[in-house]
Amino acid sequence: MTLSPSLVAFRFGYGLPLAAGAPQTAEAMLAALAGPDTMAARFPVPSYDWVHERASDIARNKMAAKTDPTLQTRLEGVHAELKEAGMAALGASVARCVAAPDMFRERLVAFWADHFTVSAGGQDDAIFPYAFVEDAIRPHVAGHFGDMLSAVVHHPAMLRYLDQTRSVGPNSRKAKRRGGGLNENLARELMELHTLGVGASYSQADVRQLAELLTGLTYDARRGYAFDPALAEPGPETVLGKTYDGKDEAPIRAFLQDLARRPETGQHLARKLAVHFVSDDPDPAMVTAMAAAWQAADGALLPMYQAMLTHPAAHAAPAAKARQPWDFLMAALRGLGVKGEDVIAWKRDRLTAVVLQPLRAMGQNWKSPPGPDGWPEALETWITPQGLAERIGWAMRWPAELVSPLPEPKAFAEAVLGDRASPALLWAVVRAENRAEGVGIVLSSPEFNRR
Amino acid sequence: MIDRRNLLRGLGLLGCSAAAHPFLTSVTFAASDGAATLGENRLVVIILRGAMDGLDVVRPVGDPLLAPYRPTLSQVESLDLDGYFGLNPALAGLHPLWQAGELAFVHATSTPYRNKRSHFDGQDLLEAGTGPDLPIDQVRDGWLNRILQAVPGLRAETAFAVGRQDMRILRGPAPVMEWAPDTSVSLSPQAQLLLEQVYHDDPLFLAAAAEAMALSEVEDMDDAMMDPAKAGKGRKDDAAERVADYAAERLRGDTRIAAFSLTGWDTHKGQGKNLGRALGRLERTILRLRHKLGAEVWGKTTVLAMTEFGRTVAENGTGGTDHGTAGAMVVAGGAIRGGKVYGQWPGLAEADLFERRDLMPTSDVRAWAAHAMRGLYGFDRTLLQDKVFPGLQMGDDPGLIL
């Protein structure tokens, strides 16, 4: 089934124009997803292993550095390296979005990264959420949800973000020796946000038992990820009606496999995908078809995407969603013809001024969403007086600083909007006083900001 | 020359499009046309989002069971309230109000929400809602909203505080405001004219842009009037005081009911510090309201600060508490019978706890709000039980209002 270029670009991508050879049918989009992740290789982002070498170096040596100026200087260099890596990873993420022929993959990565929200702490930590996406999300976007879930739950960034690093089994060896107790945060969000959804039938007792089951999973900067039996609550736990027992991580992995396969999880994920990609109030038939495809494929994600891409409701609905600030910026850079390599070459203050600061001003403080439920979806939360003013401000200022010469506004409107450009917009852009304002009006238009 | 306010007015687009924005605190105001309906009493409702730990705010220090549940919390000395309960020292600034009979608490109270302990669901039950001045799809249902629908002669509006880094309410000619100080829209007149054409058929964009431009003008005026020495750096927490200032100014006028929220109560770890910070904001909000309202209006004012649920009786392993059930409500004002901890105390023995882990609710938090509104405005019991809080059994008047 061939989809219109503007549908592929707006609803499932980062905007027009499509790259040469970009997939344009549902089959081609899915085949591209199943193929190699070329953007990850072209614009690399470090994994947690890389971060760990440096974070553990600092953790092991910071006491000694207090009395050793040479060591202190070396550690300051490592701090700087971590901080720089956070900015470099932002640059690589932008580069992937503007350069990818297979934009659906990048949109899916963003979707799942938001579904499994983690946020950074201090500047040393800025790289953490990016390493998390690289390790736990990206490799699994075209695979099985259960594999992604398992990678997420074992990743230091998630263990830290949802306080699992502090949770101690009440009857564990550590609690008996040095005190400590449970923290339910990861257990609760794992069911409420990540899998079953708040409407599903689980109880407080399930949350509590799951919190006990998860004890032992931990992380600290010195040793990195670990399963520490000294933290684990002894004995079996019963969660969602099934009892899990065994040595070390085995019962946790068994539980996650079960959780990932539950029908409520499929329903929750299908609806969330449909809301994100298609409509704040998606067609229930499409959601049902997506959940059924997922269930029939035992939790594989490609069939669920396929059910969405091929459903008539995914093609018919009007552009009733907002491009979130990140999507707006990626589409603008892409439309202006900024290349991935250009972004990588930007100095850090340019990346901050063009991307990071505007994201915050538009209401999307990057990698610091307000809570573990991630960014809101509704159109009205993004198209506010404040948010739109920031978009207009960006649209009027930055294109002229980023590309020279600026495109002719009418041609630009047709290139970035395709069949979505309204007669009123085309009437207006040719009447702008100069090219910069003409291009700015295109990027400020409802057509460009809706998807 | 284009008059943007005329454009705004002409299209009747006075709504704000940000009802559900996570960074915004909305403030909803209600007043009556002609003083008759609501009279002179004022009600301020503060929703404490994130689940305040009632047991650490109004501590049952007289119960020997408390300390074993909470080995590291509650270590700083409490201020005595009534010999049994002690006040968290972070609210020390409110202790004089307690002595003056202008501060009370309700303990072991909760919404009817049980078992799931999700913030998002819990807050829905407590939601005050927004005024009907917003476009219909952005009006959030809530008890205040339902009063507005049920009582003739009431009018309401919603204002928005921006909480990016520092939250701010901005006053100006537009009735609905949402702005951050460093945003400005400076466009050539031609670009403005063209954008208005481009937005013409999209009401959401048209309204947002029109407000942005109108507010941008107000911002310019504010900047011009502001003392340059004071510009820029303010304490982050001034936000809470600014909301209080804004609410107080309105309450001194026609407004009789104001509702807004304070965040930062979800203390899973480091509760000592984090709860102290949130209580500090609440304390400053109440003291600021009292100061700005002045003795006469404060004497007719009731402040109800309520939260979606309480927290676990036992401290967790990380110096905090997890989501629980019953909690406490903070009541202040010159119109209340203060100096008392209201509510039936259920005790802390394990068998007395809800699901053997949470403080047992002995009252419905909505009943206190309903009795307060009945006491202040004489609203009919049927109206309160059927329309405003459907399904609520108000029970006997606890005598909270003087």
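I began with A:Lys66, which I found in the loop between helix 4 (48–65) and helix 5 (69–99) of chain A; helices (H or I, at least four residues) and strands (E, at least two) are DSSP runs, numbered from the N terminus. I am working with a predicted model, where local features need pLDDT of at least 70, side-chain atom pairs count only at pLDDT 80 or more, and totals for chains, interfaces and linings use all residues. For my own bookkeeping, residues are numbered from 1 along each chain as its sequence is written, chains are lettered from A and ligands numbered from 1 in the order in which they are written, and side-chain values use heavy atoms, with hydrogens and water left out.

Is A:Lys66 buried or exposed? I read a relative accessibility of 66%, so A:Lys66 counts as exposed. My cut-offs: buried is under 20% relative accessible area, exposed is over 50%, and partly exposed is in between (1.4 Å probe, protein chains only).

**Salt bridges**

I looked up the total next: 38 salt bridges over all chains, each being a side-chain nitrogen of Lys or Arg within 4 Å of a carboxyl oxygen of Asp or Glu.

A:Glu53 and A:Arg54 form one, at 3.7 Å from N to O. A:Glu53 is exposed at 54% relative accessibility, whereas A:Arg54 is buried at 15%.

I also checked A:Lys242 and A:Asp258, whose side chains meet at 2.8 Å, N to O, in a salt bridge. A:Lys242 lies in strand 4 (residues 242–244) and A:Asp258 in helix 13 (residues 250–261) of chain A, so this pair ties together parts that are 16 residues apart in sequence. Both partners are partly exposed, A:Lys242 at 43% and A:Asp258 at 26%.

A:Lys410 and A:Glu414 pair up at 3.5 Å, N to O. They sit four residues apart in helix 23 (residues 409–417) of chain A, which means that about one helical turn separates them. I have A:Lys410 as partly exposed at 32% and A:Glu414 likewise at 39%.

Which residues are linked in a network of salt bridges? I listed A:Asp37, A:Asp102, A:Arg105, A:Glu106 and A:Arg138.

**Buried spots in chain A**

Why is helix 8 (residues 145–153) of chain A largely enclosed by the rest of the structure? It is because seven of its nine residues are buried; I noted A:Met148 and A:Leu149 among them.

A:Trp375 sits in the loop between helix 20 (348–361) and helix 21 (379–382) of chain A, and at 8% relative accessibility A:Trp375 counts as buried. Its C-alpha atom is 9.9 Å from that of A:Asn365, 10 residues apart along the chain.

**Chain B in brief**

I counted 12 helices and 12 strands in chain B. Of its 402 residues, 58% count as buried. Chain B exposes about 15400 Å², with carbon and sulfur atoms supplying 52% of it; such areas come from the Shrake-Rupley method with a 1.4 Å probe, and for residues only the protein chains shown count as cover. Among contacts (heavy atoms within 4.5 Å) between chain B residues at least 6 apart in sequence, 76% join residues at least 24 apart.
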